[in-house]
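The exercises here take you through one protein chain, and each comes with a worked solution to check yourself against.

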Amino acid sequence: MDLGSSSGSNPTEEISPKLPSSSYKGVVPQHNGRWGAQIYEHHRRIWLGTFADEAEAARAYDIAAQRFRGRDAATNFPPLTETDPENASELTFLSAHSKVEIVDMLRKHTYHEELRHSRRNQQLGRNVGGRRTGTWSERELLFYKVVTPSDVGKLNRLVIPKQHAEKHFPLREGDKGEEGNKGVLLNFEDAEGKVWRFRYSYWNSSQSYVLTKGWSRFVKDKGLNPGDVVSFWRYFDGSDMMQLLIDCKNVQPGEEFAASSSSDVQMNESEENDDQGVRLFGVNIASSPGGSSSRGNTENR
């Protein structure tokens with residue numbers, strides 16, 4: 001039976017009703033009942049993600065608008081102002097992150113979580129060596145690595161030594177994959193309270209654990225060069241939630257750490273009993289319990 005001809009109407013029109021428009025700026029309806037948020041820059045549409053609530057999508061647009069257009073942004077709700085302490089802290093958070101990072105947070109629905117964490121870090125923060133370090137004084141060193149030329153080169157990846165990767169950042173079997181596939185996102189906070197997001201995965205082809213997406217931005221921001229030291233830490237807040245931390249030290253010629261010309265990088269044997277070591281925030285990481293396990297280890301690939 002030809003159901004289409006018996007009704008005399010177009011079936012496609014019946015199952016595709018026109019979607020209602022939104023009263024909010026930058027918000028568009030979706031066929032699945034959700035709401036999308038978008039913003040335009042230089043006549044190019046930038047998608048901000050989909051949201052269950054229309055007002056939530058409107059707030060996502062407002063966040064992006066204030067990061068993209070600053071004080072002159074036209075928003076759906078009252079804009080952030082520096083006169084309100086909560087608003088001022090959010091404006092600081094927005095200015096501390098690039099447009100790409102803010103859009104990424106909105107799409108992944110992590111913006112408010114990272115904003116809350118940044119505020120908590122500011123509240124708990126104290127000055128150590130002239131830098132705001134939050135709860136860095138209560139941190140635990142996981143490991144450190146002297147970066148190689150390829151770690152800070154055009155490959156956009158940092159190889160994590162296997163023993164540290166499997167101990168501190170274990171991957172489920174289903175998260176492992178070839179280059180560019182699978183993996184997980186890891187968030188690290190630096191000493192200034194800025195959150196860095198890296199893709200972490202295992203490459204079967206080279207049998208190595210790597211940080212990829214986001215790493216080149218960190219290298220550029222910190223001015224890393226071969227021979228510099230990157231350290232990884234953790235702390236637990238009052239709710240028993242673990243926060244990962246990252247820091248780096250730009251090693252000058254003549255300091256205790258030296259990178260060889262080969263791809264394997266290790267601590268000099270003569271430094272094994274050196275009391276000076278490398279200090280980060282006044283902590284001798286070469287003599288700390290977490291740092292000692294890294295001595296003499298070569299990079300696993």
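Predicted model: local features only at pLDDT ≥ 70, side-chain atom pairs only at ≥ 80, totals over all residues.

**Exercise 1. Get your bearings.** Find how many helices and strands the protein chain has, and what share of its residues is buried.

*Solution.* Start with the secondary structure: the protein chain holds nine helices and 14 strands. Next, turn to burial: of its 301 residues, 45% are buried. Finally, look at how contacts span the sequence. Taking contacts between residues at least 6 apart in sequence, 55% join residues at least 24 apart.

**Exercise 2. Read the faces of a helix.** Work out which residues of helix α4 are buried, and why they line one face of the helix.

*Solution.* Step one is to list the buried residues of α4, which spans residues 85-95: they are N87, S89, E90, F93 and L94. Step two is to look down the axis of α4. The buried residues fall within an arc of 160°, so they line one face of the helix.

N87 counts as buried because its relative accessibility is 19%, and the cut-off for buried is under 20%. Leaving aside neighbours within four places in sequence, N87 is in contact with P79, L80 and T81. To finish, check the start of α4: a side-chain oxygen of D84 comes to within 3.0 Å of the backbone nitrogen of E86.

**Exercise 3. Take apart the largest nonpolar core.** Identify which residues have the most contacts inside the core, and which element gives the most to it.

*Solution.* First, the membership: the largest nonpolar core has 26 residues, and I160, F169, Y200, W215, F232 and I246 have the most contacts inside it. Second, the elements. At least two residues of this core come from each of β6 (140-146), β7 (158-160), β8 (184-189), β9 (195-203), β10 (208-211), α8 (215-222), β11 (229-236) and β12 (242-249). Of these, β9 gives the most, with four residues.

Third, pick F232 and trace its contacts, setting aside neighbours within four places in sequence. F232 is in contact with E140, L141, L142, F143, L158, I160, F169, F188, L211, L245 and I246. Apart from this core lies another one, of 25 residues, and V27, I46, A57 and L80 are among them.

**Exercise 4. Explore the largest pocket.** Which residues lie closest to the centre of the largest pocket, and which element gives the most to its lining?

*Solution.* Begin with the space inside: the largest pocket has about 420 Å³. Its lining has 23 residues, and the closest to the centre are V100, E101, D104, K213 and R217. Then sort the lining by element: β3 (44-51), α5 (99-108) and β9 each give two or more residues. The most come from α5, with eight residues.

Stay with α5 for one more step. The buried residues of this helix are E101, I102, V103, D104, M105 and L106. Just after α5, H109 takes a positive phi of about 60°.

**Exercise 5. Compare two loop residues.** Decide whether H42 is buried or exposed, then classify N156 by its accessibility.

*Solution.* Locate them first: H42 sits in the loop between β2 and β3, and N156 in the loop between β6 and β7. For H42, the relative accessible area is 71%, so this residue is exposed. For N156, relative accessibility is 27%, so this residue counts as partly exposed. Now check the backbone. H42 has a positive phi of about 55° although it is not a glycine, and N156, also not a glycine, has a positive phi of about 55°.

How values were computed
Residues numbered from 1 in each chain as written. Heavy atoms only, no water. Buried < 20%, exposed > 50% of the residue type's maximum accessible area, 1.4 Å probe, protein only. Arc of directions from axis to C-beta. Polar contact = N/O pair within 3.5 Å; in protein donor to acceptor, adjacent residues only side chain to side chain. Core = buried A, V, L, I, M, F, W, Y, C linked by side-chain atoms within 4.5 Å. Contact = heavy atoms within 4.5 Å. 1 Å grid on protein atoms, 1.4 Å probe; cavity = no way out; pocket = protein on both sides within 12 Å on 5 of 7 lines; lining within 4 Å. Points joined across faces, edges and corners; volume = space filled by probe spheres on them.
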